[in-house]
Amino acid sequence: MPGKPHFDLLIVGGGQCGVPLAHALAGPDRSVALAERARLGGSCVNFGCTPSKAAIASARLAHDARRAADFGLRIPEVEADYAAVIARAGAIAEESRRGLERRFEGRENPLLLRGHARFTGRAGHGFALRVGELDCTASQVVLDTGTRTRVPEIPGLEETPFLHSGNWLAARDRPEHVVFIGGGVISLEMGQCYSRLGIEVTIVARSEWLGGREDPDVAEALRAMLEREGIRFFTSAAVDRVRRDGHAVDVSIVGTMGSQWMRATHLFIAAGRRPNTDDLGLDSVGVDRDEDGFVRVDERLATSVEGIWAAGDIRGGPMFTHASWDDHRILRSQLDGDGTRTTRRIMPYAIFTDPELGRVGMTEAEARHSGRDFEVRRFDMAANGRARESGESSGFIKLLVERKSNHILGAAVLAAGGAELVHAYVDLMNAGAPATVIEHAIHIHPTLSEAVQSAVTARPARSTAPAARAHARPGEGADQA
């Protein structure tokens with residue numbers, strides 16, 4: 001490329017915001033380039049959502065096969081081929097990544113630039129950057145460089161190889177015993193996945209409750225379900241040192257129970273994320289960051305420097321793929337629309353354990369802290385006909401309903417398909433509609449979606465009480481055929 005090219009918009013990072021934004025904004029009146037130093041797709045495609053859910057699907061099939069006798073079937077032996085499971089997950093990630101790359105082939109707008117991008121200063125009313133060996137300028141810049149595993153300072157860890165969210169897919173040798181450091185989403189999802197593939201799993205969490213911000217009753221139910229599958233937990237605990245011993249690793253765990261050493265074959269670090277902002281040259285243009293390195297933005301995703309925007313995980317807040325993707329819609333609104341779309345939005349999420357936890361809105365603790373007048377409605381999945389018929393009756397639905405308006409303030413759906421079922425409440429909340437919309441609807445029988453309605457009609461219950469009985473529906477109640 002002769003000379004020093006100029007772009008109207010340069011996007012740094014090909015994640016779940018950067019890629020769709022580049023295609024959406026490129027046109028006759030706007031030149032767009034996207035700089036990516038590694039692989040398109042961000043964490044989701046390359047080592048997160050896509051391959052992890054593929055591996056989880058394999059683990060789920062192995063788990064179901066082992067309990068075939070519960071359904072009157074005989075499967076004499078179930079053997080998980082760990083290398084084949086990982087290879088399948090990697091192939092699906094590769095297929096998704098190639099699909100993204102094909103969209104850029106032969107195109108000059110948007111133009112895909114390969115190489116690490118960093119600011120080198122200002123250039124007139126815009127910015128000067130270097131992408132690999134190419135010097136260029138841009139009128140506006142969007143940062144979408146994501147995050148990486150935060151490695152805690154633990155004595156002995158520097159000399160000890162470990163797994164993390166970015167490299168687990170490259171490890172084809174089957175572990176025997178994995179100790180997870182951290183009690184969040186990655187540990188819960190991958191811990192159950194490994195366990196179902198026949199691997200011993202221990203999870204060490206600093207918090208008393210698992211899953212980050214979840215209410216204690218939800219977190220405790222998650223823990224109990226995973227413990228029944230053989231996963232060992234140490235909560236209110238920490239790993240204070242490790243030491244490598246050949247192909248094994250000794251882990252020192254300290255907590256309220258005292259201290260003890262545990263031997264494992266692998267460590268998996270899942271103790272938080274750090275932003276990829278330390279080598280972007282942000283100081284050369286004055287972009288403000290917080291004490292952890294996350295880029296500070298306003299509700300329009302604008303940074304402290306006019307013309308520079310930040311999206312996805314590097315700006316902090318909810319680190320979900322769908323949040324990053326919606327960030328591209330916010331930036332489209334700001335750069336090529338009426339500017340009305342902002343981060344004032346309802347953000348659902350899920351923990352893809354089995355059963356899944358689908359979540360939206362406030363937790364009970366947050367609702368109480370807000371001073372809202374609400375009631376808790378709870379429905380046991382064991383009372384749903386389809387759940388019992390499918391052998392998936394674990395879990396419950398918990399709703400927080402404002403008394404005066406009958407609007408849903410929050411929902412936790414811990415159930416088979418919970419990540420799908422929760423969207424009924426997500427859509428209701430986005431529409432600003434009362435829970436009576438679901439109450440008065442007709443849901444197909446027998447379906448798990450009937451439980452969505454049953455939770456709405458459940459009598460108010462205290463969060464620590466057993467599940468309240470809702471109005472009877474066809475097939476609900478253990479005495480019904």
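In the predicted model, L399 lies opposite A411 of strand β22. Strand β21, spanning residues 396–402, is joined to strand β22, spanning residues 408–415, by 6 bridges, and the two strands run antiparallel.

Strands β21 and β22 belong to an open sheet of 5 strands, arranged in the order β18-β19-β22-β21-β20 with antiparallel pairing. The edges of the sheet are formed by β18 (349–351) and β20 (374–380), each of which pairs on one side only. Between neighbouring strands of the sheet, the average turn is 10° when direction is ignored. Helix α6, comprising residues 216–228, packs on this sheet and touches β18, β19 (356–361), β20, β21 and β22. The direction of α6 makes an angle of about 10° with that of β22.

A further packing arrangement involves two helices. Two packed helices are described by the angle between their axes and the distance between the axes. For helix α3 (residues 49–66) and helix α4 (residues 82–102), the axes come within 8 Å and cross at roughly 145°. The crossing in which α3 passes α4 is right-handed. On the α3 side, the contact is made by T50, P51, A54, A55 and S58, and on the α4 side by V85, R88, A89, I92, A93 and S96. Classified by residue type, the contact of α3 with α4 contains 7 nonpolar, 3 polar and 1 charged residues.

Conventions:
Residues numbered from 1 in each chain as written. Predicted model: local features only at pLDDT ≥ 70, side-chain atom pairs only at ≥ 80, totals over all residues. Heavy atoms only, no water. Axes fitted to C-alpha atoms, helices over the stretch in contact; angles between N-to-C directions. Helix = DSSP H or I, 4+ residues; strand = E, 2+ residues; numbered from the N terminus. Left-handed = near helix turned anticlockwise from the far one by under 90°. Contact = heavy atoms within 4.5 Å. Nonpolar A, V, L, I, M, F, W, Y, C, P; charged D, E, K, R; others polar. Pairing = 2+ DSSP bridges.
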